[in-house]
Amino acid sequence: MRFINWIGTFSFFIISMQLAACGSKSNKYKESAINACRSHKVENQFIVHWYDAQPSLVIAPDIKSFIDQHESKINYIEPNYYLRIQGQFKSVRLERALSAYKVLNEIGALSAWRKGYLGQNKVVAVIDSGIDIKHPKLRKNIFKNPIDSTENNFDEDQNGLIDDVTGWNFSLNRNKIIDEIGHGTSIAGIITGQDMSGESLGIAPQAKILPLDIMSGSIGNEYDAKLAVDYSVDMKVNIINNSWTITCSDFLSSTFKQYENENIIFINSAGNVPIDIFQNRVMLASLDLANFLNVGSTNLYGRLSSFSGFGKTINIWAPGEQVPVLSVENGIQAATKASGTSVSAAIMSGAAAVIWSAHPNESALQIVSRIIDRANLIQGKNFISIDHSL
């Protein structure tokens, strides 16, 4: 089943997931009481919360029969819900590169570069639609697994993933990364890259990108998102970029809470719906965790973007309007302009990599505090300032 709904800016479909018991399948089965959520269940896929084991995904055409067979071992079971891209930016050839310079100058990246801080020795996991890992402006920045480093059909690091040399495609459960829609490639281009032509920002040109694909075309699901997060932590990345949203997912909420004490910065977009994300439980940015940077979108001068989510858990703001990005459209590499909080989160990920490279001995929590405490206060918002955070 394939759902596509294109609009001008890109964001992920907001899914509400308020759990309610469904007596017809036993009181072990819980699902959303909201019709919009129940209509986006992955067919015959369920997340089982066991008493004595980690949650797992099961495929069960007859869920009642499955529960009856395993009831004593099951705490509860819930559907696996779709993640869906609601919109995609329109590809437009850039007429000049000045806008990239403006963004880089406004956020203080150029000053950091002059001091030699380029995101060196930092790895950013991009959990998204995949990345064009052969893109000439990205391929040198793709992270390579130091243990499972060659495609030889053998699992050297014994993590259950054969030949995860340059990330993993959780949607298809294989090592081939494909970005059918260009979203993840755009995010990666904002964060890093070897190109200074202005076709993309490349804020941290010496950082590495770990591509993690959770989408098949425009559709993904929450269980694959969790697997990607777990994998990122196991690979000991420094930063995880989440340019997607999901509402009221207790399953993902518990996942991120368990990683609050990891030495990792989670950077999350506020979503492209202008609502209070805390009151509406739009995750991940509605979670108030110590190692979270929750990013809203402004224009270059700190004015709130008309599409941006907002609320008390948004602790940093970054440009998100008409930003130059790399993209892949129908297999053709192009330069585009994009708007959205996905862009803002990517800018923050690149900035965090640069700042952390300047203070390599500081912890994730110290870097988060440094970024927030030294931000520019513009119109009451903490606007990212790389040079002030050095």
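Predicted model: local features only at pLDDT ≥ 70, side-chain atom pairs only at ≥ 80, totals over all residues.

Q: What share of the contacts with a separation of 6 or more comes from residues 24 or more positions apart?

A: Contact here means heavy atoms within 4.5 Å. Among contacts in the protein with a separation of 6 or more, 71% are between residues 24 or more positions apart.

Q: How should the span of helix H6 be read against its number of residues?

A: The general idea is to set the distance between the end C-alpha atoms against the value expected at 1.5 Å a residue. H6 has 13 residues and should therefore span 18 Å; its end C-alpha atoms lie 19 Å apart, which agrees. Helix H8, residues 341-358, can be read likewise: it has 18 residues and reaches 26 Å from first C-alpha to last, close to the 26 Å expected.

Q: How many residues of H6 and of H8 are buried?

A: A residue is called buried when its relative accessible area is under 20%. In H6, eleven of the 13 residues are buried, and the helix is mostly covered. Those buried in H6 include Tyr223, Ala228 and Val233. H8 is mostly covered as well, with 18 of its 18 residues buried.

Q: Is Ser342 buried or exposed, and which helix holds it?

A: Ser342 belongs to helix H8. Its relative accessibility is 1%, so Ser342 counts as buried. The C-alpha atom of Ser342 is 7.5 Å from that of Gly271, although the two residues are 71 residues apart along the chain.

Q: How are the axes of H6 and H7 arranged?

A: Two packed helices are described by the angle between their axes and the distance between the axes. The axes of H6 (residues 222-234) and H7 come within 10 Å and cross at roughly 5 degrees. H6 is therefore roughly parallel to H7, since angles under 35 degrees count as such.

Q: Which residues in H6 and H7 meet?

A: On the H6 side they are Glu222, Tyr223, Lys226, Val229 and Asp230, which meet Phe251, Leu252, Thr255 and Phe256 in H7. Residues three or four places apart in an α-helix point the same way, because there are 3.6 residues a turn.

Q: How many aromatic pairs does a search of the whole structure find, and why is the pair of Trp50 and Phe66 edge-to-face?

A: The search finds seven aromatic pairs. The ring centres of Trp50 and Phe66 are 6.4 Å apart and the planes stand at 65 degrees, so this pair is edge-to-face, the cut-off being over 60 degrees. The pair links distant parts of the chain, with Trp50 in strand S3 and Phe66 in helix H2, 16 residues apart. Both Trp50 and Phe66 are buried.

Q: What do Phe256 and Phe292 form?

A: They form an edge-to-face aromatic pair, 5.9 Å centre to centre with 85 degrees between the planes. Phe256 lies in helix H7 and Phe292 in strand S15, 36 residues apart. Both residues are buried. Ring pairs also join Phe256, Phe266 and Phe292 into a cluster.

Q: Where do the charged ends of Lys30 and Lys381 sit?

A: The charged end of Lys30 sits over the ring of Tyr76, 4.9 Å from its centre. That of Lys381 sits over the ring of Trp317, 5.9 Å from its centre.

Methods: Residues numbered from 1 in each chain as written. Heavy atoms only, no water. Helix = DSSP H or I, 4+ residues; strand = E, 2+ residues; numbered from the N terminus. Buried < 20%, exposed > 50% of the residue type's maximum accessible area, 1.4 Å probe, protein only. Phe/Tyr/Trp six-rings, centres within 6.5 Å; stacked < 30°, edge-to-face > 60°. Lys NZ or Arg CZ within 6 Å of the ring centre and 35° of its normal. Axes fitted to C-alpha atoms, helices over the stretch in contact; angles between N-to-C directions. Parallel < 35°, antiparallel > 145°, perpendicular 65-115°, else oblique.
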